[in-house]
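Let's take a friendly walk through a protein fold together. Please have a look at the sequence and the 3D view below before reading on.

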Amino acid sequence: MNGTRLAGLALDTADAPTAHPLMHHGRPLLLDLGGTRTPCPAEGVEQRKGTVNSDAAQAIWRYVTAVLIRPGARIAWASTDTDPQRRAADCLTTLRTLCR
């Protein structure tokens, strides 16, 4: 999934049926999909919550709890981990790698 173009992620969010409208700031977007916030304190990363529309989204999104999307709508990182602290550590590692 990492590095692929964002597609097939339908959200149950009134203001955004997909992740694309949430990406208007030109910076990475950390989208929490698992109901718990990923405490990722990285500067310059926008964080939003949402839930996957299981009727409309592709099956690959069913168990994803968080996804980090690069400004170009490519997936930098996705997690199925339900522990917010582990997700945050993994997300920060990914961000450090991207910013080298």
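**A first stop: Trp61**

Trp61 sits in the loop between E2 and E3, where helices (H or I, at least four residues) and strands (E, at least two) are DSSP runs, numbered from the N terminus. This is a predicted model, in which local features need pLDDT of at least 70, side-chain atom pairs count only at pLDDT 80 or more, and totals for chains, interfaces and linings use all residues. Residues are numbered from 1 along each chain as its sequence is written, and side-chain values use heavy atoms, with hydrogens and water left out.

- Is Trp61 buried or exposed? Trp61 counts as buried because its relative accessibility is 1%; buried means under 20% relative accessible area, exposed over 50%, and partly exposed in between (1.4 Å probe, protein chains only).
- Between the C-alpha atoms of Trp61 and Pro21 there are 18 Å, and along the chain the two are 40 residues apart.

**The sheet**

- Strands of a sheet pair through backbone hydrogen bonds, either parallel or antiparallel.
- Here, four strands make an open sheet in the order E2-E1-E3-E4, with mixed pairing; two strands pair if DSSP finds at least two bridges between them.
- E2 and E4 are the edge strands, each pairing on one side only.
- From one strand to the next, the twist averages 15°.
- Strand E1 (residues 29-32) and E2 run parallel and are joined by four bridges. Within this pair, Leu30 stands opposite Gln47 in E2.
- Strand E3 (residues 66-69) and E4 run antiparallel, again with four bridges. Val67 has Ala78 in E4 as its bridge partner.
- The hairpin of E3 and E4 has five residues between the strands, and Ala73 takes a positive phi near 65° there.
- Why is strand E4 (residues 75-79) largely enclosed by the rest of the structure? Four of its five residues are buried, so the strand is largely enclosed.

**The helix on the sheet**

- H1 lies across E1, E3 and E4, running at about 165° to E4. Axes are lines fitted to C-alpha atoms, for helices over the stretch in contact, and angles run from 0 to 180 degrees between N-to-C directions.
- Thr94 belongs to helix H1 (residues 84-98), and Thr94 is buried with a relative accessible area of 16%.
- Which residues does Thr94 contact, leaving aside its neighbours within four places in sequence? They are Leu68, Ala76 and Trp77, with contact meaning heavy atoms within 4.5 Å.

**Glu46 and its surroundings**

- Glu46 is part of strand E2 (residues 46-49), and Glu46 is buried, with a relative accessible area of 13%.
- Not counting residues up to four places away in sequence, Glu46 touches Leu22, His25, Arg27, Pro28, Leu29 and Leu30.
- Glu46 and Leu95 are 49 residues apart along the chain, and their C-alpha atoms are separated by 13 Å.

**Salt bridges**

- How many salt bridges does a search of the whole structure find? The search finds two, a salt bridge being a side-chain nitrogen of Lys or Arg within 4 Å of a carboxyl oxygen of Asp or Glu.
- One of them links Glu46 with Arg48, where the closest N and O atoms are 3.8 Å apart. Arg48 counts as partly exposed, at 25% relative accessibility.
- Arg86 forms a salt bridge with Asp81, and here the closest N and O atoms are 2.7 Å apart. Arg86 counts as partly exposed at 46% relative accessibility, whereas Asp81 counts as buried at 19%.
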